[in-house]
Amino acid sequence: MSLYNVTEMLARMVFDQALAGHGKLACECPRCRDDILAYALNRLPSRYVTSDLGQAYVKAQYLDSQMQLDLLRELTIAALAVGANPHHEIPRETRTEALPEACRTGEAGGS
Ligand SMILES: [Zn+2]
């Protein structure tokens, strides 16, 4: 059985499109990304769907501009909170240019 949290999928999409790689984050490492997503998702309602209906539902929700605004607002709040208090040291001179050693957790992605 496949269950998807639509809120999580949308949050990742908004994060990638609006925040990541735009110089808006104190740190772009996977650890901080996950911390930001976790922070935001804990403040947003979860919406679970099963696999087949999921994709269509996600697209419909994503086209809802209010939904995008809500996600972006929560992600921005989360990014500020995590950026101000990251779970690792951030060398000031290499802030976003290089990943801090503490971030290289070898995390494997995939679905
Ligand atoms: Zn980081």
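Trainee: What makes Cys 29 count as buried?

Mentor: Cys 29 sits at 0% relative accessibility, and buried means under 20% relative accessible area, exposed over 50%, partly exposed in between (1.4 Å probe, protein chains only), so Cys 29 counts as buried. Keep in mind that this is a predicted model, where local features need pLDDT of at least 70, side-chain atom pairs count only at pLDDT 80 or more, and totals for chains, interfaces and linings use all residues. Residues are numbered from 1 along each chain as its sequence is written, and side-chain values use heavy atoms, with hydrogens and water left out.

Trainee: Which protein atoms are donors of the zinc ion?

Mentor: Cys 27 (SG), Cys 29 (SG), Cys 32 (SG) and His 88 (NE2), at 2.0 to 2.4 Å from the zinc ion. Donors are N, O and S atoms within 2.8 Å of the metal (3.2 Å for Na, K and Ca); water is not among the atoms, so sites may look incomplete.

Trainee: Why is the arrangement around the zinc ion called tetrahedral?

Mentor: Four donors count as tetrahedral if all angles lie between 85 and 135 degrees. The 4 donor atoms here subtend angles of 90 to 121 degrees, so the arrangement is tetrahedral.

Trainee: Why do Cys 27, Cys 32 and His 88 count as buried?

Mentor: Cys 27 has a relative accessible area of 5%, Cys 32 is at 3% and His 88 is at 10%, so each counts as buried.

Trainee: How many disulfides does the structure hold?

Mentor: It holds 0 disulfides, a disulfide being a pair of cysteine sulfur atoms within 2.5 Å.

Notes. Four donors count as tetrahedral if all angles lie between 85 and 135 degrees; four count as square planar and six as octahedral if opposite donors are over 155 degrees apart and all others between 65 and 115; anything else is irregular.
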